[in-house]
Amino acid sequence: MKLKLAFLLATALIAAPHLSVAQEKGGVINVATIGEPPTLDPMVSTADLVGIVTQHIFETLYTFDKGWKVTPLLADSLPQISADGKTYTIKLRTGIKFHDGSDMTSDDVVASLNRWLKLASRGKQVAGFIDKIEAADPATVTISLKQPYAPLVSLLAFNNSAAIIIPSEKQDEPMKEFIGTGPYMLKERKADQYIQLARFTGYKPRSEESSGYGGARHQYLDEIRFVPVPDPNTRVEAAVSGQYDYVDSLPVESFDKVKASTASQPVLLKPFGFPVFVFNTAEGVTKNVAIRKAIRQALSMEDMMAAAFGSKDFYALDGNIYPSNFIWSTDAGVEGAYNVADPEAAATSAKAAGYKGEPIRILTSRQYEFHYKMAQVAAEYLKLAGFTVDLQVVDWATLTQRRTDKGLWDIYISHSPFLPEPALIGSLSTSSPGWWDTPARKASVDAFTSEVDPDKRVALWANVQKAMYDDVPLMKIGDFNAVAAKSTKLEGVDPAPWPYFWNASIKK
Amino acid sequence: MIRYILQRLAGMIVVMFLVVTIVFVIVRVTPGDPAAVMLGPDATLQDVADLRARLGLDQPIILQYVFYIGQLLRGDLGQSIFLNMPVGSALLERAEPTFFLTIFSLAIASVIALPVGIYAAYRRGSFVDQVATTVAMLAASIPSFWLGLILMQFFAVRFNLFPVSGYGGPGSSLMDRLYHLVLPAIALGLVSSALILRFTRASMLDVLGDDYVRTARAKGLAERHVVLRHALKNALIPILTVLGLTAAVLISGAVVTETVFGLPGVGNLVVSAVLRRDYPVIQGALLVIAAIYVFINFAIDMLYLVVDPRVRY
């Protein structure tokens, strides 16, 4: 009897936590976003907001798990890669339906990947390496490369400029019908008012446990509504009042206010990304690498991060391009080159480099207030080092256009989330504004992108980072955290750079 | 009279043509590129160039202008680059919140400003007059977005009486949508009331000293009758002008207030379009807004005929 009771008790104890975390089905959530996405076709845009919304509608062959490892999504398993690294055989899951009720086959995948190669920025990055894409059978696709290209699977997994799979007969450009395979389907879009997604009843989740963007995608919610709330102060008030279930991208200074509210709690993604100063290496005064190094020598990354993010709760000083929670983290090249903050020595270096007082044109925007604050601090340090500074504050659209003209700027300020695969970093490309194109870049980047062995790639990335510190095409300023807010009733939402709401539910 | 109306209509066409041309040129020479905005931060120069070509933005500006004028003559405002819909439909979709916001704001402003302005003029120098003019000056100095944030803080966040932002979700009723306009309408109405109050007071002061008012009083008419029938009727012209211009400003989009409250109105549309460089939307919206201004000015001139029989064109 005692044994029986003990068994029952043990069973109850094992079952109890499981029951307590069981998520309830049903409900609608409202998600406040920073604005209206410029498009709902995630192939044609690299904007984060496009990825955040459309990742619920469309799916890719692969995605990333919570450790940022590539994991299959519409593919059945990771690809079989031939010994020479040039042929990828991709087995597809069967029984996958599009939102229009049709079945996904290899023909849809081939058509979609060809569209991706033609239209998407990241697809075009791959296109030069592709020999052909073929359907071997209705559930198998082979990709043949001209030469090995290791970032291929990561690029196929990324959620912006994304290699989404859409029906072969619905490949229009611009996209007319938004038909994907995702857990939620587009019900209605009223621009600047809401984007309404409804549960797709024909969805077939993966059988593995949920992990990051990978594994099972559960559809607890009936609907997800993305509502643009462009004003950051309004987003803070909306979070405090509890009007929205999730509020994206809050100013860091609102953290305590949200924490004190009863309706919502802050969500801290630590670390989220890094601000970056990109140099014009093609023309003008910063074409001279010695001057770029002198500028870096003058700057205090610590003061810039403090001015931009206030408390150390929201930033960290880190010269490594990737922080320690990524396998790519390395300190190669960092020592003596990060956060030097020595304007006097920088003045000597600049003089030795032949600097003659030409204005350093820093292009920045107040669209992201922290860019502007960092620019102000940088300008003061550079003046101390004897540089003439021309701080050009423009709106974001102007900045994105001006930076494409080699004759208009010397430094532009931007930021990026930590991307799961370093090859996704735009500045590694010679055509990206900044136009970094040196023998050291070519040797290190080519070796990194053509190596398929994951362990060797980690070591090769260290060489790329060292080349970045030696050639100074850009300066990483530090790591910063992102603040969002979620309703106290919302469950199953983990901090993520591109927040997702499959697996989310409402506590009733 | 008919000749005057025809002259005005011809003038309106010239104004609209100038607006179309100036806006077209300004939009094209302003830095920024819709293709770069749509493609996002990691797009290459070649991607941007490809998209510009697909959008027809690589054509010489004069060709783009001729094409645009041809489109307008066919009654087509063009297709939004970002919204995936015709500009006309986008404007129509945004008309509802802006229209109701204008009506409510004007109603609030008028209910406050007209009686207080009339009374302040009638009791010139009194305590009420001094308080009214001081408060009006204060209200005129307050930016509507700041007042909006304060109202939001109290009535939406602290007391949870109104939504912080938005214009209702899918399937929301008209009442629900109008409910979202209460705070922004109060913010705009209070700020607009200051200007209307000052004009009303000044205009009434002008007429209250006139001979016919003295005559009316000498005839033994009740003060109420003198002020509201005789004086107010003659003071209405400048008041109507300021009411009309306020309406035009509000209809063309209370840009900041709509942005702060996340209202999908005309002002919000214009701001988003400018930030994204959605050329067809900027051009179409400014054309419609200019048309509204021109029409309201015309309508005010016609109203003068009604309120003042001495006016002849």
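Domain bounds here come from an automatic or database domain assignment. The structure is a predicted model, in which local features need pLDDT of at least 70 and side-chain atom pairs count only at pLDDT 80 or more, whereas totals for chains, interfaces and linings use all residues. Residues are numbered from 1 along each chain as its sequence is written, and chains are lettered from A and ligands numbered from 1 in the order in which they are written.

**Exercise 1. Describe the domains of chain A and the contact between them.**

Step 1. The assignment divides chain A into domain 1, made of 5–229 + 492–506, and domain 2, made of 271–481.

Step 2. The C-alpha centres of these two domains of chain A are 32 Å apart.

**Exercise 2. Characterise the packing of H10(B) against H11(B).**

Step 1. Helices (H or I, at least four residues) and strands (E, at least two) are DSSP runs, numbered from the N terminus, and chain B holds 14 helices and zero strands.

Step 2. The axes of H10 (residues 211–218) and H11 (residues 223–251) of chain B come within 10 Å and cross at roughly 145°; axes are lines fitted to C-alpha atoms, for helices over the stretch in contact, and angles run from 0 to 180 degrees between N-to-C directions.

Step 3. From H10(B), Tyr212(B), Val213(B), Ala216(B) and Arg217(B) meet Val226(B), His230(B) and Ala231(B) of H11(B), a contact with five nonpolar, one polar and one charged residues.

**Exercise 3. Determine how far H13(B) is covered, and by what.**

Step 1. A residue is buried if 20 or more other C-beta atoms lie within 10 Å of its own, exposed if 12 or fewer, and partly exposed in between, with C-beta atoms placed from the backbone; 39% of the 313 residues of chain B count as buried.

Step 2. In H13 (residues 266–276) of chain B, eight of the eleven residues are buried, including Val266(B), Leu269(B) and Arg276(B).

Step 3. The cover of these buried residues includes H12 (396–402) of chain A, together with H2 (34–39), H5 (87–122), H12 (255–260) and H14 (279–307) of chain B.

Step 4. After H13(B) comes Arg277(B), with a positive phi near 60°.

Notes: Two residues are in contact if their C-beta atoms, placed from the backbone, lie within 7 Å. Ala, Val, Leu, Ile, Met, Phe, Trp, Tyr, Cys and Pro count as nonpolar, Asp, Glu, Lys and Arg as charged, and the others, Gly among them, as polar.
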